[in-house]
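Happy to walk through this one with you. Let's take the labels one by one and see what stands behind each.

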Amino acid sequence: MTAALARPIHLRYAAPSELAAAPLHSSVRLSLDSARGPVGVRGTLRDAALFRDAMGALAAILESDLRYKGRDRTAYLAYLMKKGKKATAAIWEAQKAFLESAYGDDAASAKQGDGAPSPGKSAGALDPVLTVHPDEVSIEVFSRDESAYARLAFSSDLFEGREAAHGTAFVDLSPRIVEQIDRLRVYTRVELDAGASRAAGAAAASGAAPSTLVERSLEVPATWLRGFLQVQSAATLPAVSCELAPIDLYNALFVLRTRKAKKPPRGLRFELVPGKAPRLILEPWETLLEGHGPPYEGPPRVVRTFGRQRLLALSRLLPHVRSARAELRGPGLPVFWVLDLGRATLTVALTGWTDSSWASAASFDALMPRGEARAALDALAGRQLALLRERGPLPLAALAAGGSAEDARAALQLECLRGRVLYDVARRVYRPRELFAEPVDEREIRYSSPREAAAHRLLAAPGAVRPTKVHEIAGEGTEIHGEVADREAHRDFSPRFTMDLEGRVSDAWCSCPTFRRSGLREGPCEHMIALRVAYARERAEKDALRQTVEGRALIRAETRTYVRREASGAEVVYRVSLDDRVVHLSWGTRGKEDPRHQRIWFDTDVEARDAYFKRLDALTSSGYVDADASSA
């Protein structure tokens, strides 16, 4: 199935959100979409400063966009034309068309945020989603570049005299109301009034003109909806978590604000050693930040994450942070940060890319449901959704009572993709949350483009896509070669690509006509995408097999990196490689000396493999941590 183009959405607000301020009293009135029925919450805020700063941080994540933007050179081109230089009218018009396509939606959204009605339909992201639960009120946002998701939950304890109508609706969180909340006088009595019916009643009581009605018709791109729902689905996967003290988060943000990385890798590494507080290492400077949180409990590991620059949006919340928790999932999947703010909780999911690029296709491929036993999975998902609607938030153990936890997680993951269930990472419970009146068909968001759909058609044929060579390029990344047998085209193609140290594709090539015609200007061809997904699947299968004796017997070539932090703070890196009958060793202190090398030849590949795994076991017993097991 090819990817759906867009989902039409019509939003209707009785009035724009506003802040009504008096000398001794302020009222924050958030307008909700009236199509979702009587949904809302009302009450006096016990901590207005927390509400103001949390909403400011949430708005910063919503508006964040780290995509590259070309400079506006129209005025300079006009100057060149006036001087008779080589700047034709065609170039000028092309430049203006590019800028219009790049910034036209943003300009239209800014105009609509002032409360003016917008005729026709426009393409863009959904408004923030507000959900009233029995125990809290949450607002969910997704950044413009589709790289950051945030969920801000206000506990019922924040409200005095709380009145609520449970449900889900879109909320008008325009730049105008965000600016007003940012200037909120927190020393006065502040009331929050969020609801569609109350906003309409207030407008009618004040005799407001019908022009205050805000209506918007959107064509939500399937790629945006896919990213939003798949981040939700990724939250349901098992994770390794570690606790950080507020000072640890402050130290990391201080380094990111005062230093600028000029070369890759630009990752944030977690060193997790049982019985010790987590350590943070910022690349490429190798800045070591000792943790001050509780000791880590779990297997030793080193996890590299990306997307750290987006953490700067959390700076204004530092005075309210009581503790921070990082939840680390599989390679390429989002990293979830949970900030405990007392009467509020902020959950932020950060990816290592922007605009849901094709590199993410391999990571999110594991999130999509397979075709096997689909009827049984649908039935289980329906029963769990009915249980959540009846009893409210529940942990996985309660939902999987009497059955398999893995089956229950897969069914709930399917409901997350349909937009009917939310996994609360902070509380570690599942909650009912109806994103739309009708559930999303997960088949519509299965693929982000027709080429990705064609790539999965190739992957469905046994043996059609084969990674043939994997080369580790020192200081640059990994080069992957493959062969793709396209039976519809009756031809074989040879794609290849290079992943840099940050997991991004820095170079790619294919022998197909699509690449020969346009290169990468139109995006990657289906053969590159298929090879990328096949390589990720093969790597995951090998990681699972190498945990068994039978799986180890199949390994003929592999490289693992182990690290150990000395008392002085220096990091010793040990790299062990197996290549048929040869074991190659290299070790040394990172950044302080050239590594030493040793190459050992054996008579048979069996002897080399036994020596290789004995060396890995010896490193583990000596306190070294496998840095490849959980690299994200």
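Q: What makes two strands count as a pair here?
A: Two strands pair if DSSP finds at least two bridges between them. Strands themselves (E, at least two residues) and helices (H or I, at least four) are DSSP runs, numbered from the N terminus. Before we go on, note that this is a predicted model, in which local features need pLDDT of at least 70 and side-chain atom pairs count only at pLDDT 80 or more, while totals for chains, interfaces and linings use all residues. Residues are numbered from 1 along each chain as its sequence is written, and side-chain values use heavy atoms, with hydrogens and water left out.

Q: How do you know that E18 pairs with E19?
A: Five bridges join E18 to strand E19 (residues 335-340), and at least two are needed, so the two strands pair; they run antiparallel. Ser-323 stands opposite Asp-340 in E19. Strand E13 (residues 240-244) is also joined to E18 by five bridges, again antiparallel, and the partner of Glu-243 in E18 is Arg-325.

Q: Why is strand E18 called largely enclosed?
A: Buried means under 20% relative accessible area, exposed over 50%, and partly exposed in between (1.4 Å probe, protein chains only). Five of the six residues of E18 (residues 323-328) are buried, so the rest of the structure largely encloses this strand.

Q: What makes Ile-139 buried?
A: Its relative accessibility is 3%, under the 20% limit, so Ile-139 counts as buried. This residue lies in strand E7 (residues 136-142). Ile-139 and Ala-153 are 14 residues apart in sequence and 6.5 Å apart in space, C-alpha to C-alpha.

Q: Glu-146 and Asp-580 both have a positive phi; how is each classed by accessibility?
A: Glu-146, in the loop between E7 and E8, has a phi of about 60° although it is not a glycine. At 8% relative accessibility, Glu-146 counts as buried. Asp-580, in the loop between E29 and E30, has a phi near 60° and is likewise a residue other than glycine. With a relative accessible area of 31%, Asp-580 is partly exposed.

Q: What about helix H6: what is its span, and why is it called largely enclosed?
A: H6 (residues 222-234) has 13 residues and reaches 18 Å from its first C-alpha to its last, close to the 18 Å expected. Twelve of the 13 residues are buried, so H6 is largely enclosed by the rest of the structure. Trp-224, Arg-226 and Phe-228 are among the buried ones.

Q: Why are E31 and E32 called edge strands?
A: Five strands form an open antiparallel sheet in the order E31-E30-E29-E28-E32. Strand E31 (596-601) and strand E32 (625-626) each have a single partner strand, so one side of each is left without a neighbour in the sheet. Within this sheet, strand E29 (residues 571-579) and strand E30 (residues 582-589) are joined by eight bridges and run antiparallel, with Val-576 opposite Leu-585 in E30.

Q: Which strands stand at the edges of the four-stranded sheet?
A: That open sheet has the order E16-E15-E14-E17, with antiparallel pairing. Its edge strands are E16 (287-289) and E17 (301-305), each pairing on one side only. Strand E14 (residues 268-272) and strand E15 (residues 279-282) pair over four bridges, and Leu-268 has Leu-282 in E15 as its bridge partner.

Q: What makes the peptide bond from Glu-283 to Pro-284 cis?
A: Its omega is near 0°. Pro-284 lies in the loop between E15 and E16.

Key
The expected span of a helix is 1.5 Å times one less than its number of residues.
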